[in-house]
6 protein chains.
Amino acid sequence: MQLHLSTWVEIEDYLMRSRGIVIPIGSTEQHGPTGLIGTDAICPEAIAACAAEEAGFLVGPTFNVGIAQHHLGFPGTITLRPSTMIAAIHDWVASLARHGFERVYFFNGHGGNVSTINAAFSEIYADRSLSADASNRGPVKCKLANWWDFGPVMDFCRAKYGASHGSHATPSEIAITWAVHPEAVKQVEMSPQVAPTGRFTDAADYRAKFPDGRIGSDPALAKAENGAELIVLAAKGLIEDYRRFLAS
Amino acid sequence: MQLHLSTWVEIEDYLMRSRGIVIPIGSTEQHGPTGLIGTDAICPEAIAACAAEEAGFLVGPTFNVGIAQHHLGFPGTITLRPSTMIAAIHDWVASLARHGFERVYFFNGHGGNVSTINAAFSEIYADRSLSADASNRGPVKCKLANWWDFGPVMDFCRAKYGASHGSHATPSEIAITWAVHPEAVKQVEMSPQVAPTGRFTDAADYRAKFPDGRIGSDPALAKAENGAELIVLAAKGLIEDYRRFLAS
Amino acid sequence: MQLHLSTWVEIEDYLMRSRGIVIPIGSTEQHGPTGLIGTDAICPEAIAACAAEEAGFLVGPTFNVGIAQHHLGFPGTITLRPSTMIAAIHDWVASLARHGFERVYFFNGHGGNVSTINAAFSEIYADRSLSADASNRGPVKCKLANWWDFGPVMDFCRAKYGASHGSHATPSEIAITWAVHPEAVKQVEMSPQVAPTGRFTDAADYRAKFPDGRIGSDPALAKAENGAELIVLAAKGLIEDYRRFLAS
Amino acid sequence: MQLHLSTWVEIEDYLMRSRGIVIPIGSTEQHGPTGLIGTDAICPEAIAACAAEEAGFLVGPTFNVGIAQHHLGFPGTITLRPSTMIAAIHDWVASLARHGFERVYFFNGHGGNVSTINAAFSEIYADRSLSADASNRGPVKCKLANWWDFGPVMDFCRAKYGASHGSHATPSEIAITWAVHPEAVKQVEMSPQVAPTGRFTDAADYRAKFPDGRIGSDPALAKAENGAELIVLAAKGLIEDYRRFLAS
Amino acid sequence: MQLHLSTWVEIEDYLMRSRGIVIPIGSTEQHGPTGLIGTDAICPEAIAACAAEEAGFLVGPTFNVGIAQHHLGFPGTITLRPSTMIAAIHDWVASLARHGFERVYFFNGHGGNVSTINAAFSEIYADRSLSADASNRGPVKCKLANWWDFGPVMDFCRAKYGASHGSHATPSEIAITWAVHPEAVKQVEMSPQVAPTGRFTDAADYRAKFPDGRIGSDPALAKAENGAELIVLAAKGLIEDYRRFLAS
Amino acid sequence: MQLHLSTWVEIEDYLMRSRGIVIPIGSTEQHGPTGLIGTDAICPEAIAACAAEEAGFLVGPTFNVGIAQHHLGFPGTITLRPSTMIAAIHDWVASLARHGFERVYFFNGHGGNVSTINAAFSEIYADRSLSADASNRGPVKCKLANWWDFGPVMDFCRAKYGASHGSHATPSEIAITWAVHPEAVKQVEMSPQVAPTGRFTDAADYRAKFPDGRIGSDPALAKAENGAELIVLAAKGLIEDYRRFLAS
């Protein structure tokens, strides 16, 4: 069930039987010579849609621009500053809490978002924690999970890509985007075959160290059919983890 | 050309031939008993995609949650506070300006966003205006247009729906969402057939005056085939208006 | 009745019989070679004072610096950033709501303020809308009106100035300031007689397009006696519109 | 010379011969049973106008709402939060610096503003201080002075009112408003004759301790003719102090 | 009793018998050729510790970075912007109020903090003042005192240092740091013996006027044994003043 | 070398030979029935001091209040909201960068700070990344490390405390505070011996799940002599890790 494709009456009904929602959250940033700029939004969105269809839960709109300041050396990248992202997540969750949602599960496609999403949760909880008495808003709980963190997904990546998986513009995320958008498959010669690894700070530093945008990966290993498998594996992980969260 | 489906290398090439981009911008809010909560994002996104395919310009990610505080009386609505939205638009435009984009065209699907988007433009321009000397950032120009404001679109709506068009949950916007999402067509008896009109302030005031969420409209008049026509009409208007903007 | 010239005891009495207040809101910005920098504050302040005397309502202090970033190319202009103005309007209205005011009517003298004032209203309403239960503050309602928007005022301007009215440094606003401040009447040769028109973004862009500050106007047509008439006409419009607002 | 009654061309000329400006800054707050809510803005505005006429310097618009949270227990009071006021003063000064103003003299009528104005100056200076190299903006200097702080003004108050001067709703400030607004003179029996003194925190605490709003004063001692004398005395002090500031 | 050296159970007990706490607040900034960068935090921390031991009250953590933008021309200085400091003090006090603290006494070691701390108090009080009804939070009261403001302390400084005391890098504050940190005593030839005095704005202005960082002082007069005396004198003043505050 | 115990001249000299600084960063929050509220600040401060003495690097003031909203159910806890902490860290780093520091190493004692510190780094880097050209500020790099993350420290804890180490109010951190503050050693019967484990959201949720404040730990295992060993082990890890960072 997709919030964007539902009416308010349907959501009112849904709230009778569940107080939870899944929010895909990604980024709009370069993903190497062949990866799509929308990769980090496309992946959790596709997985969540697959899981929602099977398990019947509600999926909200995709939060599609995140923390990508370090990728701004590459055209097309869009970032929020962390303080802006915290304010936006705060408003999203406050809106949902207003309707009675009590479990908001952010399903994430971008490692660079993790710290800021967690900081946003603390910002939201602090509203309640700083009030000695009960506030008007119910005690909403938030959770963050990355699609690649489920055991079977990690096993699959290790088995298929091994040391060439890397951490940015990985063959697994690119495979998923190809499964979803076969019209957007792109192939170029990678040089070097596997990208360098390392740490980085701002955009200039990142581009100097990772000239084509990849970190540690060989995205040429990506195959659309692996993407389809990954979606199913991750959707399964999401369903289980989300159910645990609802029960918490 | 979709930013989310492009690589950074493709955007680098695009910037050689154009400095403009179109950003669909909507809202996540109730649209009456049959309208989709995502209506205001779906419409400009679909029209921009149609126009981009024909005219070859670049479309960015959809800004999908806007100013909807007045709809919070209806489950499923999500809002940003205006100050949050200004910060977010500021960051999006600052990111694009960093890459050399000089014309950012916000293509809007929600009347309630107009004031805040314009305020965001002033916030962005003020950065430059308050610096006596030239800053590092190029002189980016922003423009806002609503998909329903093009003459032929307005004529079409007047001809098809007349006084039953209204201003929220209109048959025209619902028709477009049906053209895009035929799987999400919903029909219920409208009562009254045409919704009341009036002004409103906060969420409680809105819900008291417009109990099923519509303002002045009879969405039962919507037909998917009209939606398809509207997309084409509005895409044509967008192409012309965007070209004028690029040339400005 | 002027808030600034009243005691708190008088305001306590006033609140027994009315819950409304009018706030003149303007800008501090260049108005062409002869127009006063205070024009946009002087006009609504004078009209509101005239109306208040006749109709007995309360007028608050004038909000005298607004959104004028685009005029910063001309010495003397002062601007707020939109985010600052939203915070300030929020605090003014919160203060008034604390005393029991329920209708705050912003009477505006500057087109460039409109978007930000409306965004500020949404910011204020969002406080309530995001709280599921009743808050402590009463349901204050805000309204924005421009002094030139009343029908008879527009008719007068069309009749007197026709195509030479323009949109900035207009003969009508200059006439009003001359009626109020005869000591500040200034006359210079206009060149061209009627200023160019067009759109603008930041301060540098504005100054390049409108070298003497005017847009589309011939302020040499202004006459102090027309200003006096305009004040009376606009005051009449204000009284009617404000009464409708009180009754809403 | 009044900024609000000048054209941009006149300000451009003025900047050839002076880089300074005086900004009256006040508050909108209760001033006891007979004092005007606008007292703190009226006083510095009148004194600055008197001084400017004699000494030929430029006076900007009056910053008319300040820090008055402690007076919110009395109807009619309007406050900014300190963080809002800092942002607003920052924007005013940034605008003036943009035009080449290098000395901004805030002429204050409200003790409760002092801390926040000084904090705003630090906020403004911090912009420059945190940049290792020269910024685009010139090195603007700000100064705060209260109209009652000049020696002869203090002597006059001590001589006329002695221990009944107090610190809020003082006979001296009320006398000034009566000199400026003879139409707004109000008289009521004071009880007790001289108000209590003490410290306060928030609005409820203030109202509990000072039930009619005065602190330590007997405003019944005010006379309009003393107000006229005070204006002249304070204007003289302002001229001298402002000249020292320009020369600093 | 030190908060940092207590358990929550001990604080729970303490709150049974007292609702007050003392927060030392300082700065991290240059103090001339021999003064320690931590001087302004070390002094109130040492005095408060001494007083707490004698009088049995609770001392919180030291707020150790304050408003020092004007000292940024000297390496090692760290500043907060005033808006940041207001937010931080707000959060500290809100946390303490949550536990039932009703008197928060900020014991200050840096003149440059005074305005911003007072502005922060207004920001905190405004939360309550803008709510017409009672809020959840108790009516916390805050107070600011500087360690050098107690009469006997001032007398001591006048007697010992006379006109060479000055206002920054004073022999009294340096003496206190030497009493606390004998291992950090430093001596250099002062030139001139007594530093110049004057006003300042930003960091560049300050460094130009006060090349070695001192204002009006001769820190060579400092002696560690005087520091020990000053700690005792100031602790006595603190105990008395804090007790008055608790009783207010 | 301690910043607080140095003069600006000494820091100027230091900057000739090194561009790095270590900032201990902690929290002020309950640590179970026997743990000190200052534990998370005391530990990194003590370890950094030990390391600095051996390796000769500079240690800045301790950032002593962090993200502790979840501990606000226990008296004495003080928190910053994440948005406040980001602003504060931003200002600290901007100040240090102004002086030419290029490596700022935050040495952390509180797991709950990690996300917000990382978000603050992104906020700082975003300033540069959003500017296409070089800014005035040098390319400062920040790093976060927790004292317990060095291999030998983890080995020690595993060997000594095994499954009773837990994650809050751990015997290792309590041992360190006892080594530093033998006067503050406290012992109570733990019940249960080992605290429960689990996840938490806001303060009410935390207190409900962990009634005495501990998570998964048995702090009764702490011994001051182990604390001394831990300080040495962690200092060694810090020296190595900091040197790698300087060389990066």
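This is a short talk on a predicted model with several chains, covering one pair of chains and then a few local details.

Okay, some housekeeping. The model is predicted, so local features need pLDDT of at least 70 and side-chain atom pairs count only at pLDDT 80 or more, while totals for chains, interfaces and linings use all residues. Residues are numbered from 1 along each chain as its sequence is written, chains are lettered from A and ligands numbered from 1 in the order in which they are written, and side-chain values use heavy atoms, with hydrogens and water left out.

Let's start with chains C and D. How much area do chain C and chain D bury between them? About 4200 Å², with 62% of it on carbon and sulfur atoms. Buried area here is the accessible area, taken with a 1.4 Å probe, that two parts lose on being put together, summed over both. On the chain C side, the residues that lose the most area to chain D are C:His4, C:Leu5 and C:Trp8, together 18% of what that side buries.

Now count residues: 55 from chain C and 55 from chain D take part in the contact, where contact means heavy atoms within 4.5 Å.

What holds hands across there? The rule finds 5 salt bridges between chain C and chain D; a salt bridge is a side-chain nitrogen of Lys or Arg within 4 Å of a carboxyl oxygen of Asp or Glu. One to look up joins D:Arg81 and C:Asp91, at 2.8 Å from N to O.

Which helices of chain C supply at least two residues each to the side that touches chain D? Helix 1 (8–17), helix 2 (39–55), helix 3 (82–99) and helix 7 (203–209). Helix 3 of chain C gives the most, with 10 residues. By helix I mean a DSSP run of H or I, at least four residues, numbered from the N terminus. Sorted by type, the chain C side has 25 nonpolar, 21 polar and 9 charged residues. For that sorting, Ala, Val, Leu, Ile, Met, Phe, Trp, Tyr, Cys and Pro are nonpolar, Asp, Glu, Lys and Arg are charged, and the others, Gly among them, are polar.

Next, symmetry. Two copies of a chain are related by a rotation about an axis and a shift along it. For chain C on chain D, the rotation is 180° with 0.0 Å of shift along its axis, and the RMSD is 0.0 Å. That is the relation of a two-fold axis. The same surface serves both copies, as 100% of the contact residues of chain C recur in chain D. Within chain C, the residue closest to the axis is C:Thr84, its C-alpha at 3.4 Å.

Chain C and chain F make no contact, and their closest C-alpha atoms lie 17 Å apart. Chain B and chain E do not touch either, with nearest C-alpha atoms 17 Å apart.

Let's zoom in on F:Ser129, in helix 4 (residues 114–129) of chain F. Is F:Ser129 buried or exposed? Buried, because its relative accessibility is 1%; buried means under 20% relative accessible area, exposed over 50%, and partly exposed in between (1.4 Å probe, protein chains only). Its side chain makes a polar contact with the side chain of A:Gln69 at 2.5 Å. Leaving out residues up to four places away in sequence, F:Ser129 also touches others, including A:Leu72, A:Asp202 and B:Arg98.

Over in chain A, helix 6 (residues 171–180) is mostly covered, with 8 of its 10 residues buried. The cover includes helix 2, helix 5 and helix 8 of chain A.

Most residues other than glycine have a negative phi, and most peptide bonds are trans. Now look at C:Ala169: its phi is near 60°, a positive value. C:Ala169 sits in the loop between helix 5 (151–161) and helix 6 of chain C, and it is buried, at 0% relative accessible area. In chain E, E:Ala169 has a positive phi of about 60°. And the bond joining C:Ser191 and C:Pro192 is cis, with omega about 0°.

Definitions and conventions: Polar contact = N/O pair within 3.5 Å; in protein donor to acceptor, adjacent residues only side chain to side chain. Least-squares fit on C-alpha atoms with pLDDT ≥ 70 in both.
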